[in-house]
Amino acid sequence: MYQYSLHNRVNEACVKNKLATGGKDQLFYARLMANTAAIRSLYTELYGHHPRGEAGFDALVQTLINAHLQRAAVLQEKDHSKEKQGHWFLSNEIAGMSLYVDRFCGGLDNLPGKLPYLKELGVNFLHLMPVFQSPEGESDGGYAVSDFRKVDERFGTLDDLQKLQLRMQQEQMHLMIDIVLNHTSQHHEWAIKARAGDPVYQDYFYMYENRSLPDQFDSTMPEIFPESSPGSFTYVKECNKWVMTVFHQYQWDLNYTNPAVFNAMLDTIFFYANLGVDILRIDAPAFIWKQLGTTCQNLPQAHSLLRLIRQCVQVAAPGLALLGEAIVAPKEIMKYFGTGLYYGKECEVAYNATQMALQWDALATGDTRVMLTAQHDILQKPYGCTWINYTRCHDDIGLGYEDASIEAAGFNAYGHRKYLKEYYSGVHPDSPAMGALFSVNPKTQDARISGSLASLCGLEKAMEAYDEKELEMSVRKILLMQAQSFFIGGIPMLFYGDEVGYTNDYSYLNEEGKSYDNRWMHRPVINWDKNERAKESGTLEQKIFSATRRLLQIRKSLPVVADHKNLTWLTPHNIHVAGFLRSDGKKKLYCLFNFQAKAAYVTWYTFKEHGPAVTRLYDHWNEQKLTVGSDYEYLVIAAYGFCLLEVVG
Ligand code: GLC
């Protein structure tokens with residue numbers, strides 16, 4: 001609908017800023033005008049009743065104009081070419097790695113020198129764990145930011161980051177960093193001013209004079225770190241107030257009901273966008289809106305905020321894609337892609353956290369039924385959006401999928417989860433895994449799991465026992481887990497170190513500021529002598545590295561793996577085998593994964609159920625030509641093995 005006064009107001013702002021609306025700023029102007037109504041309506045939904053709402057809207061428009069004016073010509077060209085390409089992030093040619101700069105290579109200035117290693121592996125997309133300033137010892141791995149614009153000296157300087165970005169751009173690599181939207185460090189200047197009693201900045205946070213409201217909030221808010229930071233509020237003695245701290249006590253939740261907070265953080269988003277970032281990881285978006293009487297997670301207003309951010313980004317930095325880091329129940333994750341009018345128009349990317357956890361479920365049980373029952377929800381992802389697929393990341397593994405999925409597969413949900421926790425913490429007598437329980441809730445016994453990919457797959461235990469057979473099995477498991485996540489559709493995101501089999505690192509136990517958080521056991525400090533062994537034939541590192549590289553090469557060579565919502569799960573003829581078909585017209589790739597410790601048999605009928613009967617297959621992984629046999633004969637998949645079968649006739 002044409003809204004004369006609104007358009008006039010926005011137009012006037014453009015005139016005041018001397019935009020060349022018929023010249024170099026034309027595309028921006030067109031995008032701004034096209035999105036104005038949506039921006040206004042989302043903004044009004046959130047801030048329409050706020051006393052400073054109207055002034056805030058003008059500030060928002062100014063933020064957009066500034067962001068555009070500060071966007072380098074080369075980035076504007078890149079925006080344009082990404083737009084022409086369409087959903088560039090759906091490509092089968094993008095593969096990522098997530099890493100801590102300091103633990104990977106010391107500092108940002110060393111990272112360009114490591115790009116050849118990453119390219120050799122097949123990685124062309126980097127997620128740098130937070131590099132902006134955060135106080136040592138109270139940093140939550142960088143997720144407690146005290147200055148959103150200053151690179152922490154532990155990692156280097158803003159100039160180093162820009163040099164890295166430039167180099168990556170030249171190498172056609174993509175970059176992702178975080179915006180920690182939900183909270184700041186208690187040492188951020190806003191928190192310092194709030195603590196000193198400044199009411200303007202106290203309104204940037206949720207601060208209360210007594211326990212009355214905090215108690216009411218606490219009664220419905222789940223605890224995130226119940227062991228190390230119970231409750232969701234912290235007493236601040238300097239101002240004699242309680243501040244909301246959902247995560248750690250040193251992470252103060254930002255108050256997004258205040259439009260000034262929104263504008264300041266939107267400006268930060270554009271600061272990152274204009275550094276040339278390709279994907280922005282929005283940390284913990286599920287938590288950004290709080291309301292009494294609710295869990296304060298996944299609230300409708302949190303989605304409106306994200307949609308507002310997306311609309312704004314589309315106007316001033318259209319090449320930037322947004323990743324919503326929502327590690328929540330499967331049905332809730334899906335909503336971060338947008339619903340209703342905004343279907344497919346909220347975050348373009350989300351973590352496939354449900355699938356990740358389900359793979360760990362299947363690995364521990366040797367049974368793929370729970371994985372299958374949950375797929376209905378996962379498949380609801382809109383076209384044009386994609387997943388980050390992963391087996392491990394810097395965080396714990398949450399078993400957050402529905403009890404109903406477990407029960408639909410015929411298990412008792414409580415007993416099943418108990419088994420998984422015992423299996424991965426290594427307590428179960430049959431378990432080769434060496435991990436640990438993270439954030440055990442003493443009231444509910446809920447817990448998540450820490451541990452590196454290799455240790456959870458049994459490598460650490462096998463090495464300790466010099467058990468060759470188990471060693472071999474653990475490598476197979478590592479590759480099985482990686483392969484499924486590489487081929488399921490979406491961007492594979494490796495976690496640094498996993499490409500050469502790093503096992504748990506227990507040194508965190510002796511470090512102040514880390515010892516209470518066992519997620520540090522799976523955040524290795526890279527020893528480049530070990531990584532160099534990836535070049536020596538016969539070493540464990542070489543086995544894992546070269547197989548991982550080969551998987552990525554295969555993926556890159558098969559456009560059918562691009563995420564075009566082209567995945568069909570196969571009928572489960574064997575409960576130990578998970579299988580799906582990726583197809584695009586006549587191109588078909590059957591991917592089958594055996595999650596049990598012995599060979600699995602799948603009848604050839606499997607390949608006759610979807611479309612015209614198949615006669616010949618080529619297994620890209622095992623490098624084998626196969627002829628599809630009679631319905632009662634079998635394809636045999638080795639213990640923890642898998643096949644990537646392209647239909648060739
Ligand atoms: C995200 C991060 C996690 C951090 C939390 C609080 O979930 O991945 O590491 O602890 O946000 O910022």
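**A chat about the model**

Mentor: Let's start with Asp396, which lies in the loop between strand E14 (386-389) and helix H17 (403-408). Helices (H or I, at least four residues) and strands (E, at least two) are DSSP runs, numbered from the N terminus.

Trainee: Before we go on, what sort of model is this, and how are residues numbered?
Mentor: This is a predicted model, where local features need pLDDT of at least 70, side-chain atom pairs count only at pLDDT 80 or more, and totals for chains, interfaces and linings use all residues. Residues are numbered from 1 along each chain as its sequence is written, and side-chain values use heavy atoms, with hydrogens and water left out.

Trainee: Okay, back to Asp396: buried or exposed?
Mentor: Asp396 counts as buried because its relative accessibility is 12%. Buried means under 20% relative accessible area, exposed means over 50%, and partly exposed is in between (1.4 Å probe, protein chains only).

Trainee: And what is Asp396 in contact with?
Mentor: If you skip neighbours within four places in sequence, Asp396 is in contact with Phe438, Arg448, Ile449, Ser450, Arg519 and His522. Contact here means heavy atoms within 4.5 Å. Take His522: it sits 126 residues from Asp396 along the chain, yet their C-alpha atoms are separated by 9.0 Å.

Trainee: Which residue does Asp396 form a salt bridge with?
Mentor: Arg448, with the closest N and O atoms 2.8 Å apart. That pair links distant parts of the chain, since Asp396 is in the loop between E14 and H17 while Arg448 is in strand E16 (residues 448-450), 52 residues apart. Arg448 is partly exposed, with a relative accessible area of 22%. The cut-off for a salt bridge is a side-chain nitrogen of Lys or Arg within 4 Å of a carboxyl oxygen of Asp or Glu.

Trainee: Why would two side chains pair like that?
Mentor: Side chains of opposite charge can pair when their charged atoms come close.

Trainee: How many salt bridges does a search of the whole structure find?
Mentor: It finds 44. One of them joins Arg211 and Asp215, with 2.9 Å between the closest N and O atoms. Arg211 is partly exposed at 24% relative accessibility, and Asp215 is partly exposed at 41%. Glu541 and Arg533 also meet in a salt bridge, at 3.4 Å from N to O. There, Glu541 is buried with a relative accessible area of 6%, whereas Arg533 is partly exposed at 33%.

Trainee: Which residues are linked in a network of salt bridges?
Mentor: Asp140, Asp395, Asp517, Arg519 and Arg523.

Trainee: Changing topic: how many residues are in the largest nonpolar core?
Mentor: It has 205 residues, and Phe104, Leu128 and Tyr256 have the most contacts inside it. Helix H21 (residues 468-487) gives the largest share of this core, ten residues. At least three residues come from each of domain 1 (183-253) and domain 2 (566-647). A nonpolar core is a set of buried Ala, Val, Leu, Ile, Met, Phe, Trp, Tyr and Cys residues joined through side-chain atoms within 4.5 Å.

Trainee: Where do those domain bounds come from?
Mentor: From an automatic or database domain assignment. The C-alpha centres of domain 1 and domain 2 lie 53 Å apart.

Trainee: What does Leu128 contact?
Mentor: Leaving aside neighbours within four places in sequence, its contacts include Leu99, Val101, Leu161 and Ile177. There's also a second, separate core of 18 residues, which includes Leu570, Tyr590, Val602 and Phe607.

Trainee: Last one: where does Asp377 sit, and what does Asp377 touch?
Mentor: Asp377 is in helix H16 (residues 375-378). Not counting residues up to four places away in sequence, Asp377 touches Pro330, Lys331 and Met334. At 15% relative accessibility, Asp377 is buried.
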